[in-house]
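Here is a friendly walk through one model, with the cut-offs spelled out along the way. Have a look at the sequence and the structure first.

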Amino acid sequence: IARHYRGAVHLVDFREAPDAARAAINRWVEEGTQGKIRELIPPGVPDVLTRLLLVNAVYFKGAWASEFMPSATREEPFHLDTGGKVPVKLMHQRSAAGYLHARGLEVLNLAYRGDNLSLLVLLPHRKAGLRTLEETLSAAVVDDLVAHMRQQVVDVFLPRFTTTWGAVDLRQHLAALGMPL
């Protein structure tokens, strides 16, 4: 775990110093994510009854295989599923990418440098809407879409974005795996 994932096991005193343990964990996460993730563990977690805390933090900042030029990024209207528009910074480029136009949506596969990872973008047509896409999306559907994509030159208009996801309580999942305590 240490060699491949930079993970470690640390002994802390949840019973006598739960807030100090929380601070130490948050420092480790902040250092490991170059300051991008702060305060992963909120106040009150852990408490004096905590005996084990499994922490994982992922920070990814990939470089596109075909870089978006900063000079081609400009504020433009972004169409919301509800029918409105909001101004956003849209990155523009014309490049070769995996593309498919089918099933009431456009699918774009943008590679990151190194070709080990990519971003799969699903854009529903306005009539179909986002809710319909969410309701019909499954691993099998995604596999089928990707299998039918073809490399072609496309004009890409993509909002600049960051994404975050908070903490998850794993008690129920670990109990289902046979660790009820």
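His92 counts as buried because its relative accessibility is 9%, where buried means under 20% relative accessible area, exposed over 50% and partly exposed in between (1.4 Å probe, protein chains only). This histidine sits in strand 2, residues 85–102. Helices (H or I, at least four residues) and strands (E, at least two) are DSSP runs, numbered from the N terminus. The model is a predicted one: local features need pLDDT of at least 70, side-chain atom pairs count only at pLDDT 80 or more, and totals for chains, interfaces and linings use all residues. Residues are numbered from 1 along each chain as its sequence is written, and side-chain values use heavy atoms, with hydrogens and water left out.

Two polar contacts are worth a look here. The side chain of His92 makes one of 2.7 Å with that of Glu76 and one of 3.5 Å with that of Arg74. A polar contact is a pair of N or O atoms within 3.5 Å; within protein, one must be able to donate a hydrogen and the other to accept it, and residues adjacent in sequence count only if both atoms are side-chain atoms. Leaving aside residues up to four places away in sequence, His92 touches Phe68, Ala72, Arg74, Glu76, Val156 and Phe157, with contact meaning heavy atoms within 4.5 Å.

## Aromatic pairs

Rings of Phe, Tyr and Trp (its six-membered ring) pair if their centres lie within 6.5 Å; planes under 30 degrees apart count as stacked, over 60 as edge-to-face and the rest as tilted. The count comes to three aromatic pairs. Phe60 and Tyr112 form an edge-to-face pair, 5.0 Å centre to centre with 85° between the planes. Phe60 belongs to the loop between helix 2 and strand 1 (74–79) and Tyr112 to the loop between strand 3 (105–111) and strand 4 (118–124), so this pair ties together parts 52 residues apart in sequence. Phe60 is partly exposed at 45% relative accessibility, whereas Tyr112 is buried at 11%.

Trp64 and Phe68 also pair edge-to-face, at 5.6 Å centre to centre and 75° between the planes. Trp64 is buried, with a relative accessible area of 11%, and Phe68 is buried with 9%. Ring pairs link Phe60, Trp64, Phe68 and Tyr112 into a cluster.

## Helix 2

In helix 2, the buried residues include Pro18, Ala21, Arg22, Ile25, Asn26 and Val29. Viewed down the helix axis, the buried residues of helix 2 fall within an arc of 130°, so they line one face; the arc is that of the directions from the helix axis to the C-beta atoms. Just after helix 2, Gln34 adopts a positive phi of about 55°.
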